[in-house]
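Q: Could you go through this fold with me, a topic at a time?

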Amino acid sequence: QAAITERSFQAWIKPDTLVGSHIIYEEGGGTNAMGIRLIGQVLEFLTINGGVRFNVTTPYTDTTEWHFITAQFNDSNMTLYLDGVLVNTTTTSYASIFTGFTFQILSQYLPHGSFRRKKTQRAGLSKDMRVHNCSSR
């Protein structure tokens with residue numbers, strides 16, 4: 001396991017449906033993890049360290065246009081951007097996350113993981129996904 005103190009994820013997304021749970025990005029597992037998903041009409045960015053969970057969310061209701069999402073973890077700060085606009089932020093009680101080696105983008109089947117779903121849907125389009133070991137500044 002490697003400690004992550006900074007991580008940035010960016011992608012263009014255009015979901016076909018906002019029904020169910022759609023994993024966009026996930027690394028780690030149920031005890032230590034980081035991930036982004038759509039749950040119905042909510043975009044969620046989640047971090048877990050030692051079983052302690054923090055998340056930031058924002059409404060997401062559009063299936064007709066492409067949207068650019070950015071999620072950042074920087075020491076203890078979590079930020080979520082939608083189309084370049086800061087939509088939510090929080091401060092966690094931890095400055096790093098030990099995520100391990102599991103890494104998934106747009107997964108359809110998760111036997112375990114940070115979102116604890118046995119089966120997830122993946123519907124829609126994505127492009128230009130990027131994961132950085134630093135926060136975008």
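**Hairpin, core and rings**

Q: Hi, what is the bridge partner of Asn77 in β9?
A: In this predicted model, Asn77 is bridged to Thr91 of β9.

Q: And how do β8 and β9 pair, parallel or antiparallel?
A: The pairing between β8 and strand β9, which covers residues 85-91, is antiparallel and runs over six bridges.

Q: What about the turn, how many residues sit between β8 and β9?
A: The two strands form a hairpin with two residues between them, and Asp83 in that turn has a positive phi of about 55°.

Q: Switching to the largest nonpolar core, which residues touch the most other members?
A: That core has 22 residues, of which Ile24, Ile36, Leu43, Phe45 and Ile69 touch the most other members. At least two core residues come from each of β2 (6-14), β3 (21-28), β4 (33-39), β5 (42-49), β7 (67-74) and β8 (77-82).

Q: Which residues does Leu43 touch, leaving out those up to four places away in sequence?
A: With those left out, the residues that Leu43 touches include Ile24, Ile36, Val56, Tyr60, Ile69 and Leu80, and also Arg37 and Thr58.

Q: Now the rings: how many aromatic pairs are there?
A: The structure holds four aromatic pairs. For Phe9 and Tyr25, the ring centres are 4.6 Å apart and the planes are at 15°, so this pair is stacked.

Q: Why does the pair of Phe9 and Tyr25 tie together parts apart in sequence?
A: Because Phe9 lies in strand β2 and Tyr25 in strand β3, the pair ties together parts that are 16 residues apart in sequence.

Q: Are Phe9 and Tyr25 buried or exposed?
A: Both Phe9 and Tyr25 are buried.

Q: And which residues form the aromatic cluster?
A: Phe54, Phe73 and Tyr94 form one aromatic cluster.

Conventions
Residues numbered from 1 in each chain as written. Predicted model: local features only at pLDDT ≥ 70, side-chain atom pairs only at ≥ 80, totals over all residues. Heavy atoms only, no water. Core = buried A, V, L, I, M, F, W, Y, C linked by side-chain atoms within 4.5 Å. Buried < 20%, exposed > 50% of the residue type's maximum accessible area, 1.4 Å probe, protein only. Helix = DSSP H or I, 4+ residues; strand = E, 2+ residues; numbered from the N terminus. Contact = heavy atoms within 4.5 Å. Pairing = 2+ DSSP bridges. Phe/Tyr/Trp six-rings, centres within 6.5 Å; stacked < 30°, edge-to-face > 60°.
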